[in-house]
Every structure is written in C-alpha cells, then in structure tokens.
Amino acid sequence: MSATGRIHASARTRPSGASVAAGGSFHADRMSRSRRAAVVTASLAAVCAVLFVTSMTVGSVLLPPLDVLASALGFGDPATDFIVRGLRMPRAITAVLVGLALGASGSIFQRLLRNPLAAPDLIGISAGASTATVAGITVLGLTGVGLSAAAVAGGLGVAALVFLLAWRGGLAGTRFILVGVGVAACCESITSFLIARADITDARAAMTWLVGSAGMASATDLLVLAVAIVVLLPAAAAWTRRLGVLELGGDRASSLGLRVERDTVVLLGIAVVLVALATAAAGPIAFVALMAGPISARLLGRAGDRVLAAALAGAIIVQVADLIAQHALPTPISTGIVTGLVGAPYIAWLLIRAGREGGA
C-alpha cells in the first residue's frame, strides 16, 4: 500500500472529532449523575442517622446526644441505658425499618406501574396484609412470627389476585390501580366484619393496631423485618437496571431481552413482602410508600438508584412523623395519624395535577 493509501486508511479508522466529543460528553454526564446519586444518597442517610439519634434524645427526659450514642454503643450508665435502650431505641429502630421497607416498596410499585398513585396502601396490598393480620389477632390468636407470616400471606394473596385480574397481555398501571382499589375496599369490609365479631379485648387490640404506630412492634417483629430488609433491599437495588427497562413498557422490555413476566413477578414479590412485614410490625402507616418515591426521584433526577434513595426517604418520613406524633402535641398520637394528615392533601394535589395535565 502506498503512503497516501496508508494515510487515508488511518484517517478512516481514526475516531472523528465529533465522536470523541460525544464520547467525552457521555462520560462526563455519567460521572455527574454518579456524583449526584452519591451525594443525595449519603445526605439522606445522614439525615436518617441524625433523626435516629434525635428520637432517642428528646422526651420527658432530655439526654445529650453524646450520652445517647454512648448508650447505643453499650458504654452508657445504667440509668441512661434504661431510657435509651429499654424505652426509646426499639421505637426508633421500628421507625427506621418500617420507613425503609415502605419507601422501597412504594418506589418499586410506582415504577413498575408507571403511575405515582400506584402505592401499596392504595392498591390493596396493605389492606390485604391488614385483613390477614386482624384475622390472626381476632380469630387465630397469633403473635410474633405467626402474625408476620399471616401478613405476608395476606399481602401476597391480594397482590396475586389483583395481578391476575389486571393482567391483559401486559401490566397496565391504570387498570392495576382500579382493580386494586376495588380489592382494597373488599378487604376493608372483611376487616370491619372481623372486628365487629371479635371479643372486645381482641377488637380493641386490632383497632389500635389499625391506626398504625411505630411503638407497637415486638422484638420478634423487628427481627423478622430487619432480616427481610437486609436480604430484599440489596436484591431490589441489584434489579434496578431491569426496573428501569421495565418502565419503558412490556413490549420494549421484551425486545431488549427481558423476561417481562418473570421480572415483574419477582419485583412485585419483593415489594409485597417488604410492605407486608412493615404492616405486621407497625400497622398500616398510610401514604409513606406513596410519598417516598416521588421525593427521591425529584432529588436524584436521572441519577442513581431510586429504590435505595426512596427507602431512605421513607425512613425519614416515618421518623419525622413519629417525632411529631410523640412530642408536637400535648397528648401523644399514633404515627399513622400524622402521615394520614400529610398524605391526604398530597393525593388531592396529585389528582388535581393529573387532571390539568390530561385536560380532564
């Protein structure tokens, strides 16, 4: 080959300036998104840690944060240990674990169904877990692991029923939500019937549990929920890339090589187990799963793992709500009342915005 031919061949194989610039721009954008994801996730985790310590600091007896940390690590004096480890820490741990579970679960449902209203407490999953738990309390006399198992069975059963009724060659978010709302109404009717027929003591316990509070979880409930989070939250985060592809729709996801039915069932199963165990531990704390996903999505933009960020946002919401429930009013109230007061206007705002965008 002549020298001129070698020069032309080299020019043909050498990347053009435009392609190099495009590659550099893509790499810079990817690095920027990674940095934003790391900053947002670390910030949410830091806020969660600060709220965790604060929840053990405030109360009828104010404690210095350093004394709380020393007691939490096992280096406190007996009086501080009694207040921190015996009275306040179980509730604080419950708020964190329940918030993590609800936040991750809500984000998975909303992304799979591509609808901000697709939260487990609106589409029947929480209602199914609640009905099974109330049945366990009032009919079977279950406690501990048995009650958690009943909640998971109820949540999975309702999820399977809604999935089968809503599936028509694919998973349409609007149809799934409408079917879920109807199934939730049926579950709530069954729950009311069980309470009406129950012994007065069991009925009172069930009604107290149905309000939802971070202060009701037993040590067994916390252990079961903690194990589930340790196992399922990393699994959900590992499936985030597939979740992003599933957001494109069933046909596009299939064309990109995903097994849509299998992946959808696995992700829904993870979300259902998380919300069911959270419900078994603290009762149906409403609207946390609904709000955590949009908050994390707004903070992250196009960056990072929204499931992990949504889990941390859920933990922050529950901790703030529990602090307000315990200390903002003259008489302590349940955590679920605070989240309900905040979540109801949020749903109204979502519906108004959707109506304006849709021209309805």
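Let me start with a term: buried means under 20% relative accessible area, exposed means over 50%, and partly exposed is in between, with a 1.4 Å probe and protein chains only. By that rule Gln-326 is partly exposed, because its relative accessible area is 23%.

Before going on, some housekeeping. This is a predicted model, where local features need pLDDT of at least 70, side-chain atom pairs count only at pLDDT 80 or more, and totals for chains, interfaces and linings use all residues. Residues are numbered from 1 along each chain as its sequence is written, and side-chain values use heavy atoms, with hydrogens and water left out.

Now the overall picture. The protein has 15 helices and 0 strands; helices (H or I, at least four residues) and strands (E, at least two) are DSSP runs, numbered from the N terminus. Of its 360 residues, 46% count as buried. Take the contacts with a separation of 6 or more: residues 24 or more positions apart account for 75% of them, where contact means heavy atoms within 4.5 Å. The accessible surface comes to about 17400 Å², and 67% of that belongs to carbon and sulfur atoms; areas come from the Shrake-Rupley method with a 1.4 Å probe, and for residues only the protein chains shown count as cover.

Back to Gln-326, which sits in helix H14. Beyond its neighbours within four places in sequence, Gln-326 is in contact with Arg-91 and Pro-332. Gln-326 and Gly-59 are 267 residues apart in sequence, yet 8.3 Å apart in space, C-alpha to C-alpha.

How many salt bridges does a search of the whole structure find? The search finds 1, a salt bridge being a side-chain nitrogen of Lys or Arg within 4 Å of a carboxyl oxygen of Asp or Glu. Here Asp-322 pairs with Arg-91, with the closest N and O atoms 2.8 Å apart. That pair links distant parts of the chain, 231 residues apart: Asp-322 is in helix H14 (residues 306–327) and Arg-91 in helix H4 (residues 78–113). Asp-322 counts as buried because its relative accessible area is 4%.

H4 also holds Thr-94. Thr-94 is buried, with a relative accessible area of 1%. Setting aside neighbours within four places in sequence, Thr-94 is in contact with Ala-214, Ala-217, Leu-222 and Ala-282.

What about disulfides? A search of the whole structure finds 0, a disulfide being a pair of cysteine sulfur atoms within 2.5 Å. Take Cys-186: the closest cysteine sulfur, in Cys-187, is 6.9 Å from its own, so that is too far for a bond.

Next, helix H13 (residues 288–300). Its 13 residues should span 18 Å at 1.5 Å a residue, and its end C-alpha atoms are 18 Å apart, which agrees; the expected span is 1.5 Å times one less than the number of residues. Buried residues in H13 include Val-288, Leu-290, Met-291 and Leu-300. After H13 comes Gly-301, with a positive phi near 65°.

Last stop, the surface. Val-211, Ile-337, Leu-341 and Val-342 form a nonpolar patch there, with about 340 Å² of accessible area together. Patches are made of residues with over 30% relative accessible area and no salt bridge, joining like charges within 9 Å and nonpolar side chains (Val, Leu, Ile, Met, Phe, Trp, Tyr) within 5 Å. Helix H15 (residues 335–358) gives the most, with 3 residues. Val-211 lies in helix H8 (residues 200–211) and is partly exposed, at 34%.
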